[in-house]
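Please open the structure in your viewer and keep the selection panel at hand. The stops below say what to select next and what is there.

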Amino acid sequence: MNLYKFVSDAINDKLGRPVNLEVPRNRDFGDFSTNAAMVMAKSAGKNPRELAGEIVPKLMELDFVADATVAGPGFINIRLRDDFVWDAAKHATDITPAATPMVIDLDYGAYNVAKSLHIGHLRTSIVGDTFNRIAKMLGHRTFSWNHMGDWGKPMALVIAWIERLHPELPYFRDDFDPATTVDFDINPAELNTYYPAASSFAKENPEFQAHAQEIKAKFQDGHAGYFALYEKFLAISLNMMNDTVRRLNILPFDYDLGERNAAKYLPQVEEILRAKNLIQESDGAQVIIVKKDTDNAPMPPYMWTDSRGADTYDSTDLAAVYCRLHTDNPNKIIYFTDMRQSLHFEQLFRAADLSGLFKYADMEHIGYGTINGADGRPFKTRSGNAAGLDDIIDAVNNAVDARVRESGKALDSDTVDMIALAALKFNDLVHDVRSDYIFDPDSVTSFEGRTGPYILYTAVRLNSVLKRAGTIPATDATPTNLTADERNLLMEIADFERTVQSAFDNRATDMIANYAYDLCQLTNTFYHNCPILRDDVAADDRARRLAIVKMAADTLGMAIDLMGLRVPNEM
């Protein structure tokens, strides 16, 4: 139940016009407040406070309103009935499906074949996965795409490097027979060294660079040997990608298809573009002009082919739109990448719209900020390279393990992994996706404050109370004697659906993380101030509070699941 929407709609109907409903920071003043009288006063020709006095009796006619009072120059504070709050919290996890469910293609991950995942893949993976879970919870049908880098010069460099290391292999012959069985294995760790080694070598060796360009052209034209070798290291690379995805507890991608798959659709897309006279020649390249007369900022043309006639990143991205249109027929396509790619996606969306492939308004780019080190610059290893994603996960795991050992606790490795996962992912999600943030393994693994371990600790505490209690005694379905701490927690629980909907509408995954933290804060205040299992607690109070614990545990559990975290049995 979306409590906010229910109350807002009822008040709007009662007053005959939409009003602004706010949640006061201090709930002592009320559960909601509105400045409706101040907004309506001028047109009504009345003093705001006087008009507020006339509105209050109307609000009191609503059966869920316990009290409505005028404050200051005309604000109206509204307090809900305890039994209404209780019923709303009881149904907090009954999420109302979207009235018009959409089919949404989500492009995140964007991993590169034959390259280890690095810290730049952390946010796209975590934010994209959480948004995917949010959309699914609201009843939308989603398809997640790992649009891999698997087609251009990087693949050619890897093939050229393998040829340099193993020139005796038959893959490099133009007469290679695809039925040939080749006794050649690639070590996964070694595969990750091929591209950086080849890229560095190519910069100092023009002949090697030129040979890689030849390989690229032949590979993209269907060279049997190059393709067979590519298939071999693609399988290894996909296994490594999936291992990291599992470590991050990310939902499996619906499609691990990248530029190579999109390239199959280039002829169909080019036919559409030429039919609309959208392709123009510019310095030997084929481009699409996407600049508008109203543009003030630079807007370069969209590159269809480069001056050598080769396919480009631009062309395969547009072909991928065509592929998704004919594969999923989505209502929306949403991309999650570094915000530094904003210009590229603006060009892509304009090109897709001009070509008639997809409406500009139905394509979105969620650009995320960078993960920085203590110096405020993008986080790198001591060697100055982008940190490997597995190395980052290991660093957080080691930091959690050290904290656990310092505390004198004995937790198994699975529990340590769960805590480390929460530390890493929550620290990413709690920040506005568009903002940069500082990454420090020691601070994100704290068991206190706005951290993942604190969220898990609260969930473990709630589960422990329920386990010790056994069965929850029957209680009055509509109690009217709630304490302030009970009430505050119930109001936060009842705000869950609104938060999920707002996170989806605003493309703001941080709303889920911050909601989970606020819920935990109120839960722990309730736990400290409202005894539950003590012998001196009256039976009715115990039953009511155990019911609240169950509501809090269920709601927090759903928020935790949206973030892709796992709750251990103990901490």
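Contact here means heavy atoms within 4.5 Å. The model is a predicted one, in which local features need pLDDT of at least 70 and side-chain atom pairs count only at pLDDT 80 or more, while totals for chains, interfaces and linings use all residues. Residues are numbered from 1 along each chain as its sequence is written, and side-chain values use heavy atoms, with hydrogens and water left out.

Begin by selecting Pro 301, in the loop between β8 and β9, where helices (H or I, at least four residues) and strands (E, at least two) are DSSP runs numbered from the N terminus. Apart from residues up to four places away in sequence, Pro 301 touches Val 287, Ile 288, Ile 289 and Gln 347. Its relative accessibility is 36%, so Pro 301 counts as partly exposed, the class between buried (under 20% relative accessible area) and exposed (over 50%), with a 1.4 Å probe and protein chains only.

Next, select the strands themselves, which form an open sheet of three in the order β7-β8-β9 with antiparallel pairing; two strands pair if DSSP finds at least two bridges between them. Because β7 (279–282) and β9 (302–305) each have a single partner strand and stand at the edges, one side of each is left without a neighbour in the sheet. On average, and with direction ignored, neighbouring strands of this sheet are turned by 45° against each other, the axes being lines fitted to C-alpha atoms, for helices over the stretch in contact, and angles running from 0 to 180 degrees between N-to-C directions. Between β7 and β8 (residues 285–288) the antiparallel pairing runs over four bridges, and Ile 279 has Ile 288 in β8 as its bridge partner.

For the last stop, move to His 344 in helix α13 (residues 342–355). Is His 344 buried or exposed? At 10% relative accessibility, His 344 counts as buried. Leaving aside neighbours within four places in sequence, the residues in contact with His 344 are Tyr 302, Tyr 313, Asp 314 and Asp 317.
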